[in-house]
Amino acid sequence: MGRKPVRAESRRGTAKIGLAGALFGLTQQKVLRLLFGHPEKSYFASELIELAGAGSGAVQRELARLVESGLVTEWTVGRQRHFQANVSSPIFEELSGIILKTSGIPELLRDALEPLADRARLILLYGSVAHGRDTSASDVDVLIVGDDIGLEEVYSLLESPERRLRRRINPTVYSWEEFSRRIAGRNPFLTKVLAGTTVPILGTYDAAEAAG
Amino acid sequence: MPPKQLDNLARLGKLKIEPGARAEIDGLLRSSSARLKDAADAELSPDSKFDLVYNAAHAASLAAFRWHGFRSESRYLVFQCLEHTLGISSQQWRVLDDAHRKRNLAEYEGDLDIDNALLDALMRIAIEVLEKARALPPLES
């Protein structure tokens, strides 16, 4: 009576709908990621709209629902309304964990790789997580471009996010010169990565700049 | 010594117990050192360097593995046990793991796309593994 998974894709680590998409709507993900990604911080509604890059009405509706349910607290200082994740909500821990492991991956990587900021010119998330087609079995693929970055250092910075996500993170590190040369030579791996969906962690990919 | 974790793996049948011999270990260390020297040749392609350094790291790792009295045909396992045989850090192990995967992938897909970050890290680690393996006291026979 062995149970077989219905979707073969889910075993290989890619699926049509990712973990985050299966649970939350797009605007909801963005708002939750901000609020629960930084529970120590409060945001103005205008800030959340700008940072989420979503429509004002959609964000306002999400906020109203979150406040109504008690997942988010709202208060006013002067004429400004503040919103903050409610740490005393009964499901705060669980929800934070789910958000971190699904749509919070870029935030987590940005924080973890911060020590590379002075040397890295570009850090991109690619692969199934960036495409929003990840399953719990998917690795997290990261491209790091910069000079004087040792692989041992990268692995040591990724130790904590790997533990928190319970997923393997695969970094590929190129010097700027190697990166440009591979782009010029139409390297199959890099061409595929840059043609697909990527999520910027640090810097943005500029084809003209890379071509020198 | 031998490390407890390795004994447990032996009990599970993952690795074999077989006392190492001095001549065998010396041979592995010499082979590792020769490959590292060859890899320093600037004329070599990154792919050839990678092969040499990878095999140098493996030979030195195997020397330490044999020194502790274990044998295994699995290169992966020999690398995996470095934490216990020579006290290699988890970050260094990840680099070896990365190199091992790239090498396996290349055998099937024929394309070895080696970047300097991996090659440089692998070189640093192979040198350290060799130094640590050489520092093990010589066996009686």
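**Entry 1: B:W67**

I looked up the side chain of B:W67 and found that it reaches the backbone oxygen of B:P137 at 2.7 Å. I count a polar contact as a pair of N or O atoms within 3.5 Å; within protein, one must be able to donate a hydrogen and the other to accept it, and residues adjacent in sequence count only if both atoms are side-chain atoms. The model is predicted: local features need pLDDT of at least 70, side-chain atom pairs count only at pLDDT 80 or more, and totals for chains, interfaces and linings use all residues. Residues are numbered from 1 along each chain as its sequence is written, chains are lettered from A and ligands numbered from 1 in the order in which they are written, and side-chain values use heavy atoms, with hydrogens and water left out.

Where does B:W67 sit? I find B:W67 in helix α3 (residues 46–67) of chain B. Helices (H or I, at least four residues) and strands (E, at least two) are DSSP runs, numbered from the N terminus. Leaving out residues up to four places away in sequence, I see B:W67 touch B:I25, B:L136, B:P137 and B:L139. Contact here means heavy atoms within 4.5 Å. I also checked B:G20: it is 47 residues from B:W67 in sequence, but the C-alpha atoms are 5.3 Å apart in space.

**Entry 2: α3(B) against α7(B)**

Next I followed α3(B) to helix α7 (residues 116–134) of chain B; their axes come within 9 Å and cross at roughly 25 degrees. Therefore α3(B) is roughly parallel to α7(B). My axes are lines fitted to C-alpha atoms, for helices over the stretch in contact, and angles run from 0 to 180 degrees between N-to-C directions. Angles under 35 degrees count as roughly parallel, over 145 as roughly antiparallel, 65 to 115 as roughly perpendicular and the rest as oblique.

From α3(B), residues including B:F50, B:V53 and B:Y54 meet residues of α7(B), among them B:L119, B:L122 and B:M123. I sorted the residues of this contact into 14 nonpolar, one polar and one charged. Ala, Val, Leu, Ile, Met, Phe, Trp, Tyr, Cys and Pro count as nonpolar, Asp, Glu, Lys and Arg as charged, and the others, Gly among them, as polar.

**Entry 3: α6(B) against α7(B)**

I then took helix α6 (residues 90–109) of chain B, whose axis comes within 10 Å of that of α7(B) and crosses at roughly 120 degrees. That makes α6(B) oblique to α7(B). The contact is made by residues including B:V95, B:L96 and B:A99 of α6(B) and B:L118, B:A121 and B:I125 of α7(B). By class I get seven nonpolar, one polar and three charged residues.

**Entry 4: the three-stranded sheet of chain A**

In chain A I found an open sheet of three strands, ordered β1-β3-β2, with antiparallel pairing. β1 (43–44) and β2 (72–77) stand at the edges, each with a single partner strand, so one side of each is left without a neighbour in the sheet. Two strands pair if DSSP finds at least two bridges between them.

β1(A) pairs with strand β3 (residues 80–85) of chain A over two bridges. One bridge partner pair is A:F44 and A:H82. Six bridges join β2(A) to β3(A). There I see A:E74 opposite A:F83 and A:T76 opposite A:R81. β2(A) and β3(A) form a hairpin with two residues between them, and A:G78 in the turn has a positive phi of about 60 degrees.

**Entry 5: the four-stranded sheet of chain A**

Which order do the four strands take? I read β6-β5-β4-β7 in an open sheet with mixed pairing. β6 (169–174) and β7 (199–202) stand at its edges. Neighbouring strands are turned by 25 degrees against each other on average, direction ignored. Strand β5 (residues 140–146) runs parallel to β6(A), joined by six bridges. In β6(A), A:Y174 is the bridge partner of A:V145. Helix α8 (residues 151–165) of chain A packs on this sheet, touching β5 and β6, and its direction makes about 155 degrees with that of β6(A).
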